[in-house]
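The following exercises are intended for a reader who is new to this structure.

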Amino acid sequence: MATNSKFIGYIDEALEKSREAALSHLLFTYRGIPYPVTMCTSETFQALDTFEARSDDIVLASYPKCGSNWILHIISELIFADSKKKYEYPEFPVLECGDPEKYQRMNQFPSPRILATHLHYDKLPRSIFKNKAKILVIFRNPKDTAVSFFHFHNDVPDIPSYGSWDEFFGQFMKGQVSWGSYFDFAINWNKRLDDENVKFILYEDLKEDLAAGIKQIAEFFGFSPSGEQIQTISAQSTFQAMRAKSQETHGAVGPFLFRKGEVGDWKKLFNETQNQEMDDKFKECLAGTALGTKLKYDSYCQA
Ligand code: A3P
């Protein structure tokens with residue numbers, strides 16, 4: 001498991017800020033997308049434009065609550081298997097979160113650097129494409145993503161809560177949540193999934209066959225773990241294993257972050273009207289697209 005003290009320190013700081021933030025003041029808009037004031041600033045976004053990516057940077061792009069901490073863990077274990085060095089997070093790994101000087105400090109970090117991000121494709125710094133960094137894009141079905149997002153807000157004591165699931169659902173569908181609309185994010189990335197340095201991975205496929213997913217991720221980033229190493233990483237990357245260590249790896253928020261890890265939890269919260277609204281939105285935005293097919297919506301989002 002990676003060394004996470006910077007990671008935990010940053011999360012604790014964000015939670016501290018969240019304690020004072022009312023839900024109505026949680027978001028600010030930058031270039032058309034809402035972000036949480038507790039984690040992002042326009043100064044950092046401006047500094048991000050000058051960020052210099054490297055060809056061996058490991059970019060992990062996902063909408064919030066699609067399993068980014070899961071993939072971060074898998075990647076850090078692959079690096080460990082490859083180099084025998086524990087991956088230390090020199091900064092909080094979400095690229096767009098932190099102070100504006102972070103990109104200067106990152107110039108000094110050894111490769112490979114892990115850059116997690118929730119940014120839409122067109123908001124990423126151009127050097128990522130110019131320098132051909134590889135990008136793994138992680139998706140999860142929108143219904144479970146929304147439910148996970150709602151619980152994160154309403155279960156973590158320091159994060160502002162919504163009045164009800166219905167209220168959150170309305171905001172989620174309008175894209176008035178941190179990092180904006182799931183569907184805009186998906187439409188934006190859909191155009192790029194066939195790019196040479198981009199690979200798609202589905203949360204639900206990883207749940208179905210973790211070892212196969214780890215193997216694919218390893219191949220994409222050029223790691224060559226043995227069969228035995230893949231088995232070890234799989235055993236350490238199950239939901240149960242990660243939840244058991246979550247306080248050690250993520251601090252107080254750990255058990256909330258590793259909440260349930262299931263496919264289909266949405267069935268407990270969605271009512272018929274909400275189901276229909278999301279099915280219609282999916283059809284409108286993604287039906288007939290490459291990403292629409294890859295998401296296997298009919299398998300995971302039909303009652
Ligand atoms: P739930 O809230 O549905 O449990 P992110 O890391 O992007 O914030 O995503 C969090 C979601 O990923 C949570 O979903 C969490 O439980 C799930 N998750 C994290 N690690 C997992 C694992 N090893 N297996 C399955 N799901 C996992």
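This is a predicted model: local features need pLDDT of at least 70, side-chain atom pairs count only at pLDDT 80 or more; totals for chains, interfaces and linings use all residues.

**Exercise 1. Determine where Trp179 lies and whether it is buried or exposed.**

Solution. Step one: the loop between helix 7 and helix 8 (182-190) holds Trp179. Step two: although Trp179 is not a glycine, its phi is positive, at about 70°. Step three: the relative accessible area of Trp179 is 6%. A residue counts as buried under 20%, and therefore Trp179 is buried.

**Exercise 2. Explain why helix 8 is described as largely enclosed.**

Solution. Step one: helix 8 has 9 residues, and 7 of them are buried. Step two: these buried residues are Tyr182, Phe183, Phe185, Ala186, Asn188, Trp189 and Asn190. Step three: the elements against which they pack include strand 3 (58-62), strand 5 (134-139) and helix 6 (142-155). Helix 7, helix 15 (272-286) and helix 16 (290-294) are also among the packing partners of these residues. Conclusion: because 7 of its 9 residues are buried, helix 8 is largely enclosed by the rest of the structure.

**Exercise 3. Classify the aromatic pair formed by Phe168 and Phe172.**

Solution. Step one: a search of the whole structure finds 34 aromatic pairs. Phe168 and Phe172 form a pair with 5.9 Å centre to centre and 35° between the planes. Step two: planes under 30 degrees apart count as stacked and those over 60 as edge-to-face, with the rest tilted. The pair of Phe168 and Phe172 is therefore tilted. Step three: the two residues are 4 apart in helix 7 (residues 165-174), so about one helical turn separates them. An α-helix has 3.6 residues a turn, so residues three or four places apart point the same way. Step four: Phe168 and Phe172 are both buried.

**Exercise 4. Describe the surroundings of Tyr162.**

Solution. Step one: Tyr162 is found in the loop between helix 6 and helix 7. Step two: with a relative accessible area of 8%, Tyr162 is buried. Step three: neighbours within four places in sequence are left aside; the remaining contacts of Tyr162 include Leu23, Phe150, His153, Asn154 and Phe168. Step four: Lys130 is 32 residues from Tyr162 along the chain, and their C-alpha atoms are separated by 41 Å.

**Exercise 5. Judge whether the overall dimensions agree with those of a compact globule.**

Solution. Step one: a compact globule of 303 residues would have a radius of gyration near 19 Å. Step two: the protein chain has 18 Å, which agrees. Step three: along the principal axes, its C-alpha atoms fill a box of roughly 50 × 40 × 40 Å. Step four: 56% of the 303 residues are buried. Step five: of the contacts between residues at least 6 apart in sequence, 74% join residues at least 24 apart. Step six: the secondary structure of the chain comprises 17 helices and 6 strands.

Note on methods: Residues are numbered from 1 along each chain as its sequence is written. Side-chain values use heavy atoms; hydrogens and water are left out. The radius of gyration is taken over C-alpha atoms; the globule rule is 2.2 Å times the number of residues to the power 0.38. Buried means under 20% relative accessible area, exposed over 50%, partly exposed in between (1.4 Å probe, protein chains only). Contact means heavy atoms within 4.5 Å. Rings of Phe, Tyr and Trp (its six-membered ring) pair if their centres lie within 6.5 Å; planes under 30 degrees apart count as stacked, over 60 as edge-to-face and the rest as tilted.
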